[in-house]
Amino acid sequence: MSKRRVVVTGLGTINPLGNNVSDSWENLINGKSGIDNITSFDTADLPVTFAGEVKNFDANEYMGKQHARKLDRSGHLSIYAAEQALLDAGFNPEKRMGSNCGIVFGTGIGGIGATEDAVRVYDERGASRINPLAITQLMPNSSTGQVAIKFGIEGPSLTITTACAASANAVGEAKNMIENGIVDIVVAGGTESGTTPMTIGAFAQIRALSTKNDTPAEACSPFDKNRDGFVMAEGSTVLILESEESAKSRDAKIYGYIVGYGSTTDAHHITAPAEGGEGAVRAMDKALKDANLSVDNVDYINAHGTSTPANDKNETSAIKTLFGAKAYEVDISSTKSMTGHLLGGAGAFESMVCLLSLQKGVIPPTINLNNKDEECDLNYTPNNAVNKEMNIAMSNSFGFGGHNGVLVFSKT
Amino acid sequence: MEANEVFEKVKGLFVEDLGIDESKVTMDAKLEEDLEIDSLGIVEVVMAFEDEFEIEIDDEELADVSTVGQAVNLLHSKI
């Protein structure tokens with residue numbers, strides 16, 4: 001039996017570049033940075049004082065204080081993005097989605113803000129004063145459960161925690177659910193809200209973060225010789241995946257097709273990529289084979305491109321290994337240069353970028369790319385967006401733990 | 001402290017801390033049905049009461065409390 005084709009019929013997002021899809025896209029193609037000094041807490045004791053925060057969003061105003069205070073910020077962002085996506089797909093968010101709809105969400109560290117708060121209270125006031133909602137806010141599947149409750153999603157649910165590959169894996173597993181006929185609709189996405197004091201401090205301890213505190217907007221510089229680490233960011237992005245048959249039967253608009261998914265594990269080191277990006281090569285190869293495509297078909301690669309010295313060098317090697325001579329022709333960019341690293345929310349956001357790029361025929365740039373690194377010598381679309389008719393895009397996501405998730409999108 | 005003062009303090013906690021609509025907080029209001037305070041919420045309410053009135057409330061004492069009025073009476077008897 002041939003697999004069912006999977007389309008995307010709705011998009012929703014809240015991230016450092018905007019609180020909806022159109023603002024985010026405008027800022028992406030205009031090369032705007034969403035990175036700035038941290039405003040949500042005092043950074044005086046931290047070695048890194050900037051991040052990509054969501055701006056102008058008041059959860060109390062959006063969902064009412066009584067509901068908002070029961071959720072971690074990651075839950076607020078998830079529900080906000082999911083509601084946008086469902087509306088965009090033509091569903092009524094007041095109605096229950098029912099058992100023909102599944103949900104797959106990715107996150108790296110779940111409700112880490114709630115964890116930090118609860119530990120602080122425990123230390124200062126003891127066990128009897130811990131917030132009784134702490135567990136339901138901090139568990140990694142909290143957003144999955146809260147979104148399902150809010151919109152009555154009764155089909156299968158999964159929460160995927162493969163660090164920075166989490167929501168690429170979420171979109172991929174959701175694609176498999178629809179291909180295999182388990183459900184017709186899946187709400188797939190990813191969320192992270194780790195711009196919190198302990199989390200910034202802990203990532204800084206492993207020297208993963210850029211420390212360019214004086215120039216936040218220029219700090220994330222993927223593939224640039226002077227790159228010095230990633231920039232923490234928060235946000236949520238949700239895609240409505242649907243069988244082509246289901247979408248067409250209700251005359252839904254179609255952004256594009258998810259045609260390939262590859263998932264592999266380095267099994268090498270908990271943070272460092274395998275030499276030459278060996279696991280990434282296998283994931284890209286599997287995703288193309290799943291899509292029945294070859295490297296010659298790929299028009300655009302939305303790179304993982306974190307701006308860490310190790311990732312960008314190894315991802316470049318991996319692309320060269322798989323693509324051969326074609327590596328120097330394919331258009332590549334890292335939109336993390338503008339959003340920062342959305343961690344478990346990155347794969348879903350960058351899936352959205354791929355779909356919009358194909359639909360609109362525009363490749364968003366890699367900003368802050370000014371100094372050539374001899375080890376990163378491919379075409380990364382430096383600093384300015386490029387107009388180009390395209391049909392196939394690939395999105396790379398690689399996570400701590402050695403997890404690799406690659407997705408392939410088609411306009412037709 | 002008079003019972004009506006206890007009620008006003010309880011109302012203040014519900015409105016300020018829990019975000020409940022002020023007009024819903026009456027002596028007859030049912031905690032679960034009217035104020036949408038679920039089993040997790042009750043634990044929060046008890047913590048807020050304990051902090052506000054500097055008392056301790058055992059779980060058994062809560063068994064018969066399902067309305068704002070019953071909560072006010074329990075608190076009034078313990079202060």
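**Exercise 1. Find how far H8(A) reaches from its first C-alpha to its last, and compare this with the expected span.**

Solution. Helices are DSSP runs of H or I, at least four residues, numbered from the N terminus. H8(A) has 14 residues. The expected span is 1.5 Å times one less than the number of residues. That gives 20 Å, and H8(A) reaches 20 Å, close to the expectation. This is a predicted model: local features need pLDDT of at least 70, side-chain atom pairs count only at pLDDT 80 or more, and totals for chains, interfaces and linings use all residues. Residues are numbered from 1 along each chain as its sequence is written, with chains lettered from A and ligands numbered from 1 in the order written.

**Exercise 2. Decide how many residues of H8(A) are buried.**

Solution. A residue is buried if 20 or more other C-beta atoms, placed from the backbone, lie within 10 Å of its own. In H8(A), 12 of the 14 residues pass, so the helix is largely enclosed by the rest of the structure. Among them are A:Glu173, A:Lys175 and A:Ile178.

**Exercise 3. Describe how H8(A) meets H15(A).**

Solution. Start with the axes, lines fitted to C-alpha atoms over the stretch in contact, with angles from 0 to 180 degrees between N-to-C directions. The axes come within 5 Å and cross at roughly 65°. Next, list contacts (C-beta atoms within 7 Å, placed from the backbone). H8(A) residues including A:Ala166 and A:Val171 meet A:Ala346, A:Gly347, A:Ala348 and A:Ser351.

Methods
Helix = DSSP H or I, 4+ residues; strand = E, 2+ residues; numbered from the N terminus. Contact = placed C-beta atoms within 7 Å.
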